[in-house]
Amino acid sequence: MAADGPSSHWIAADRTGIHVRPADLWIDPSVPRAGALVTHGHADHARGGHGETIATRETLAIMGLRYGTSAGMPLAYGESIERGGVRISLHPAGHVLGSAQILLEHGGERVVVTGDYKRRPDPTCAPFELVPCDIFVTEATFGLPVFRHPPIEQEIAKLLNARAANPDRCVLVGAYALGKAQRVIAELRRASHADPIYLHGALEKMCRLYEELGVDLGDLRLVGETEKEDLRGRIILCPPSALTDRWSRRLPDPITAMASGWMRMRQRARARQVELPLIISDHADWDELTQTIAALRPAETWVTHGAEEALVHWCTSRQMRARALAVAGYEDEDD
Amino acid sequence: MRAFARLIDALVYTRSRNAKIALIVDYLRVTPDPDRGWALAALTDAIDLSAVKSATLRTMAEQRIDPELVAMSRAYVGDTAETVALIWETPDAGPGEDIPLSEVIAILSALGRVEAPMVLAGMLDRIEPESRYALLKLATGGMRVGVSARLAKVAFATAFGVSVDEVDEYWHALAPPYAVLFGWAEGTGDMPDLSETAWFRPFMLAHPLEEASVSLDDFVAEWKWDGIRIELVGAASERRLFSRGGDEISRAFPEIVEAFDFIGVLDGELMIRGEAQGNTLVGGEAGSFNALQQRLGRKTVTKKMMADYPPFVRLYDVLEAGGRDLRALPWTERRAALESIAASLPADRFDISSLIAAPDFAALSAIRDSARDAAIEGVMLKRRDSPYVAGRKTGLWYKWKRDPLTADCVMMYAQRGNGRRASYYSDYTFGCWTAEGELLPVGKAYSGFSDEELKWLDRFVRTHTLNRFGPVCEVEKSLVLEVAFDSIHASKRHKSGLAMRFPRIKRIRHDKPAGEADQIAALQALVT
């Protein structure tokens, strides 16, 4: 049982990932492994080069698009398989399309690894499900009480207002290519913005894949195929790295926006030279992280990448067992 | 408060200077007195609310939120006011009130230290959540919105169509909320007679010398001394000393105020008389900057400090004398006036910055290179016909600093920066080797690198962290940094026994193995 401490537990972690020892499978490994369980398609969790990859059909499709990988074993939400005496099933994490929590059952113990997750509704993916467990392995990207994401409607309204107030300019929104970009588009559509939305070339393939997988994103066009004059008064999406790139010089006087949970910190937004910060995150904020743990009441909580210390402290100060797992190497700056 | 908070938020996110000016102009035109005056004072950091410190905010937050979580959040965000604004929880909060800025100022300025946390907490609960950040920044001072005092003055001048030089001139003679200044600018009132008050005149500043040389027919050379620039102002009823930023420092140097029996305005360098260093030509030597630091920032001074660290002023220029404004005169004429003024002041407290006699620029360059005096920072070049004008005007004055010293050091620890650098490990402690092969810290630097280098260094720290001590990361001792510094001194505070002055990262030495970084002994040889 978990009380024996991490070294003897059937689940172990090192800097390269979480190891499910009886099944010899690694969760989101950062180095090539013979068998990998992948929670979702973001590059820091899903790497190419594994022998066998077990993930949702959508995550495998995203990995296929990014790495050209084809070897993979699709597993639908709720469906289960057994490896080395471990029963494995995937459950929606609400993070991006195809994102899954991994439930591992072995020797009468249930372990849930969340990967990245959020609790807010997202028109582009299945909503998070609470999966009862003994050990809850949670992310903590925004694991500090300074992070409380506002309602997305409010942020989308900020974006639409900036566009309406500046008909001669364009609004350039930096958004992570997988998940964030499609969610911003889908939310704009939900707010009745039916105009064409313009894309940086790097976002095109992922948006097309989302549409193939059944997520309607409306009229999307490419900046590269549009005259500069026609971009005035438009909303344009690009990867965050392109915001200050030479690429953006072709745009008509862009208002630089960025959709990220980090935008809640003024000085962070300022450091990235963002004029219009949009606090839109695909991660659980502090309240979601703590409320999820409170709702599950697991025997033990293990905290991975992010601000582990604060969430561990929150648990232990409420007499809940918790510790930090030393999984390194996740890139969180653009989420 | 709402309008002010919106202005602050807009300024935080606005990069262009003209757009910032436009935002302030709009605010000043539509906001009534006295709120707009208080906003102007807040932007220029002219409000001193001494009861509220960073620690006040921390205490206040800790009374409502788990102190550990407050501390972790502060370390992450890098700014106490922003941390508390983000973390604050108001039970059963309604939409919040829009309290006038002047009322906020009135409440804050009447606060005592003991009651401050409670009153401030009450205000945070009362106002709109969107205004919390502005309130806390206002309370602790320093808005950090990328608006310099100069830019605020330009915006003021633009808003009312008056000359920025005139605004600059009157600015320091008037106090917030500047009702007189607004009245004058809007043409509804006159500027009062200010001749009886000792107020700060803006300094003339120099550009770094970038040309290969200048002609000594047009320029005069003098030493650039390593003290602090001060302005001495004497009026009929009072005498005051001001630092370069216009802060009054009279109380820290009562001997100077006492000795300054003069009606007018002088510009000079404040230094401490010390050992056999410095200019021995004019009856005095200058001690190191370290000695001066013992006297800076003090509200009261003991007799012992006055005896151990006697200050004096080396005069550079005269702005006014006997009620006459000399600033429009060429430097040569002001210098002649200064020489007679200097001669009339007590010699133990005042001397004049001597000129460097050099036949040509090459000779001057040689003189500059050979000056190893710790109290000399470099050479000043001033146009002989230059008037005394506020700020940095191109082509009139140049500073030509001595080349810095450098050492190859090994990064040992890194810490996140503050403010806009809070997400980056941007503060580095570095060390050099002892003869026994031990690495000892010799300094800490947080500047000198480009944005690209900062990203690289941040990544290096994240991927080479060995241990964490709160916000401090201990890193693998493998990266060599070439560090530039102005001088190095003996110091009891550090185990290495050394302290660098103004260290900064000159270059990342990707090519150099850590074992080949400099030895402590090599640095000891540079001690002045």
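Tutor: Ile197(A) has Leu220(A) as its bridge partner in strand E14 of chain A. The model is predicted: local features need pLDDT of at least 70, side-chain atom pairs count only at pLDDT 80 or more, and totals for chains, interfaces and linings use all residues. Residues are numbered from 1 along each chain as its sequence is written, while chains are lettered from A and ligands numbered from 1 in the order in which they are written.

Strand E13 (residues 197-199) of chain A runs parallel to E14(A), and three bridges join them. Strands (E, at least two residues) and helices (H or I, at least four) are DSSP runs, numbered from the N terminus; two strands pair if DSSP finds at least two bridges between them. Both strands belong to an open sheet of six strands in chain A, with the order E14-E13-E15-E12-E16-E17 and parallel pairing. Strand E14 (220-222) and strand E17 (276-278) of chain A each have a single partner strand, so one side of each is left without a neighbour in the sheet. From one strand to the next, the twist averages 30°. Such angles run from 0 to 180 degrees between N-to-C directions, with axes being lines fitted to C-alpha atoms, for helices over the stretch in contact.

Chain A also holds an open sheet of seven strands with mixed pairing, in the order E7-E8-E9-E10-E11-E18-E19. Strand E7 (80-83) and strand E19 (321-324) of chain A are its edge strands, and each pairs on one side only. Within this sheet, strand E9 (residues 100-106) and strand E10 (residues 109-113) of chain A are antiparallel and share five bridges; Glu105(A) stands opposite Arg110(A) in E10(A). Helix H6 (residues 286-296) of chain A packs on the sheet and touches strand E11 (135-140) and strand E18 (300-306) of chain A. The direction of H6(A) makes about 175° with that of E11(A). Contact requires C-beta atoms, placed from the backbone, within 7 Å.

Turning to the nonpolar core, Val173(A) and Ile236(A) touch the most other members among the 163 residues of the largest one. A nonpolar core is a set of buried Ala, Val, Leu, Ile, Met, Phe, Trp, Tyr and Cys residues joined through C-beta atoms within 7 Å; buried means that 20 or more other C-beta atoms lie within 10 Å of a residue's own. Not counting residues up to four places away in sequence, the contacts of Ile236(A) include Val173(A), Tyr198(A) and Leu251(A).

Conventions. Buried ≥ 20, exposed ≤ 12 C-beta atoms within 10 Å, placed from the backbone. Contact = placed C-beta atoms within 7 Å.
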